[in-house]
Amino acid sequence: MRSDSSIRRPIIGTHASGLLTIMVATLSSAACAQSKPRDEPTMVVCAGGRSFQMNAREKVARIFLEGRQLSLTRRASSLGQQYRSSDAALIIDGDYVAFVLNDDLAYEDCRIRAAD
């Protein structure tokens, strides 16, 4: 019977180990970038020619649309940045934006407009 010290264990090569380190660092950076709130007013364009502006900060998001201004409070979420109020809900995940307004459910397929 062999002792545990004589069992050969696979060794990850330097190249593979380095690649793994780079992948973990890249994924961590991407996750941090997505979770950071947007500080500048941003234009959001939706299907059907609808649009609105938002200013999403650490604790509050302000929505500006058709002569209205809404203030939503940030909530903990495992999916992007989530903000809610009694009138609306907003989720920002990368350039995709889900916006639900209680009295107008027609904001569909919304995306952050790319900077010109």
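Phe52, Phe99 and Tyr107 are linked into a cluster by ring pairs. Rings of Phe, Tyr and Trp (its six-membered ring) pair if their centres lie within 6.5 Å; planes under 30 degrees apart count as stacked, over 60 as edge-to-face and the rest as tilted. The model is predicted: local features need pLDDT of at least 70, side-chain atom pairs count only at pLDDT 80 or more, and totals for chains, interfaces and linings use all residues. Residues are numbered from 1 along each chain as its sequence is written, and side-chain values use heavy atoms, with hydrogens and water left out.

**The aromatic cluster**

- The structure holds three aromatic pairs. In one of them, the ring centres of Phe52 and Tyr107 are 5.8 Å apart and the planes stand at 85 degrees, so this pair is edge-to-face.
- Phe52 belongs to strand β2 (residues 51–56), whereas Tyr107 lies in the loop between β7 (96–101) and β8 (110–112), so the pair ties together parts that are 55 residues apart in sequence. Helices (H or I, at least four residues) and strands (E, at least two) are DSSP runs, numbered from the N terminus.
- Phe52 is buried, with a relative accessible area of 2%, and Tyr107 is also buried, at 5%. Buried means under 20% relative accessible area, exposed over 50%, and partly exposed in between (1.4 Å probe, protein chains only).
- Phe99 and Tyr107 form an edge-to-face aromatic pair, with 5.2 Å from centre to centre and 75 degrees between the planes. Both Phe99 and Tyr107 are buried.
- The charged end of Arg50 sits over the ring of Tyr107, 4.1 Å from its centre. This description applies if NZ of Lys or CZ of Arg is within 6 Å of the ring centre and within 35 degrees of the ring normal.

**The nonpolar core**

- The largest nonpolar core has 20 residues, and those with the most contacts inside it are Phe52, Met54, Ile63, Leu90 and Phe99. Such a core is a set of buried Ala, Val, Leu, Ile, Met, Phe, Trp, Tyr and Cys residues joined through side-chain atoms within 4.5 Å.
- Two or more residues of this core come from each of β2, β3 (60–65), β4 (68–75), β6 (88–93), β7 and β8.
- Leaving aside residues up to four places away in sequence, Phe99 touches Phe52, Ile63, Leu65, Leu70, Ala88, Ala89, Leu90 and Tyr107. Contact means heavy atoms within 4.5 Å.

- β2 and β3 run antiparallel and are joined by four bridges. Two strands pair if DSSP finds at least two bridges between them.
- A hairpin connects β2 to β3 through three residues, and Ala56 stands opposite Ala61 in β3.
- β3 also pairs with β4 in the antiparallel sense, over six bridges. Here Ile63 stands opposite Leu70 in β4.
- The covered face of β3 carries Ala61, Ile63 and Leu65, and its uncovered face carries Val60, Arg62 and Phe64. In a regular strand the side chains alternate between the two faces of the sheet.
- β3 and β4 form a hairpin with two residues between them, and Glu66 in the turn has a positive phi of about 40 degrees. Most residues other than glycine have a negative phi.

**Salt bridges**

- The structure holds four salt bridges. A salt bridge is a side-chain nitrogen of Lys or Arg within 4 Å of a carboxyl oxygen of Asp or Glu.
- In one of them, Glu66 is joined to Arg50, with the closest N and O atoms 3.3 Å apart. Glu66 lies in the loop between β3 and β4 and Arg50 in the loop between β1 (42–45) and β2, so the pair ties together parts that are 16 residues apart in sequence.
- Glu66 is exposed, with a relative accessible area of 59%, whereas Arg50 is buried, at 18%.
- Salt bridges also link Arg50, Glu66 and Asp104 in a network.
- Asp103 forms a salt bridge with Arg68, the closest N and O atoms being 3.3 Å apart. This pair links distant parts of the chain, with Asp103 in the loop between β7 and β8 and Arg68 in strand β4, 35 residues apart.
- Asp109 forms a salt bridge with Arg111, where the closest N and O atoms are 3.7 Å apart. Asp109 has a positive phi, near 50 degrees.
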